[in-house]
Amino acid sequence: MSWTRVWVHLVFATKYRQPFLNDTIRMRVFQHMYDNAREKDIFLDSVNGFTDHAHCLVALSREQTISKVAQLIKGESSFWINKNKLTTRKFVWQDDYWAVSVSERHVERVRNYIKNQEEHHRRKSFKQENEKFMKKYGWEPANPRSPNSRSIPNSRSLK
């Protein structure tokens with residue numbers, strides 16, 4: 001029997017960072033994401049966010065990949081939001097996401113960070129938060145002038 005526990009902090013935003021996840025629907029959406037993840041055997045430990053993004057703390061099983069888990073969580077939740085007409089316009093998550101591994105000793109810190117998203121975003125926008133993470137993890141845009149650029153690690157982060 002193989003045993004694994006790989007913690008991942010996964011973050012994704014609404015398309016064009018539209019503030020779809022207002023106070024009326026946000027907790028309903030996150031509860032649905034949690035319930036749906038459980039049905040799909042995804043261990044979603046924590047989920048929360050703000051009006052334009054979501055944070056998830058996931059423990060991957062030995063047969064799961066970050067991309068597949070992100071696809072299942074994002075795809076099904078946007079389908080559910082649209083099916084239930086929770087927004088006046090079509091809801092879409094942006095294609096990209098970011099994910100970082102979390103050491104076992106930092107799991108509780110990440111849980112608390114995710115839990116306190118509303119308080120956190122009273123002081124800092126998602127754009128500021130994203131820029132902080134980009135710098136912290138050494139991610140730089142592949143081509144900053146291209147609207148479709150992807151982030152790549154710089155040489156400092158590979159050492």
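What follows is a walk through the sheet, the helices on it, an aromatic cluster and one loop threonine. The model is a predicted one.

Start with the sheet, which is open and has 4 strands in the order S2-S3-S1-S4, paired antiparallel. Strand S2 (43–50) and S4 sit at the edges, each pairing on one side only. On average, neighbouring strands of this sheet are turned by 20 degrees against each other, direction ignored. Strands S1 (residues 6–13) and S3 (residues 53–60) run antiparallel and are joined by 8 bridges; Val 6, for instance, has Leu 60 in S3 as its bridge partner.

Then come the helices. Helix H1 (residues 26–39) lies across S1, S2 and S3, and runs at about 165 degrees to S2. Helix H3 (residues 107–115) also packs on the sheet, where it touches S1, S2, S3 and S4, with its direction at about 155 degrees to that of S3.

As for aromatics, the structure holds 4 aromatic pairs. In one of them, the ring centres of Phe 91 and Trp 93 are 4.9 Å apart and the planes stand at 90 degrees, so this pair is edge-to-face. Both partners are tucked away: Phe 91 is buried at 1% relative accessible area, and Trp 93 counts as buried at 4%. Ring pairs tie these two together with Phe 12 and Phe 20 in a cluster.

Phe 20 turns up again among the contacts of Thr 87, along with Ile 25, Ile 81 and Asn 82, once residues up to four places away in sequence are set aside. Thr 87 belongs to the loop between helix H2 (66–83) and strand S4 (98–102). A polar atom of the Thr 87 side chain lies 2.6 Å from the backbone oxygen of Arg 89.

Methods: Residues numbered from 1 in each chain as written. Predicted model: local features only at pLDDT ≥ 70, side-chain atom pairs only at ≥ 80, totals over all residues. Heavy atoms only, no water. Helix = DSSP H or I, 4+ residues; strand = E, 2+ residues; numbered from the N terminus. Polar contact = N/O pair within 3.5 Å; in protein donor to acceptor, adjacent residues only side chain to side chain. Contact = heavy atoms within 4.5 Å. Phe/Tyr/Trp six-rings, centres within 6.5 Å; stacked < 30°, edge-to-face > 60°. Buried < 20%, exposed > 50% of the residue type's maximum accessible area, 1.4 Å probe, protein only. Pairing = 2+ DSSP bridges. Axes fitted to C-alpha atoms, helices over the stretch in contact; angles between N-to-C directions.
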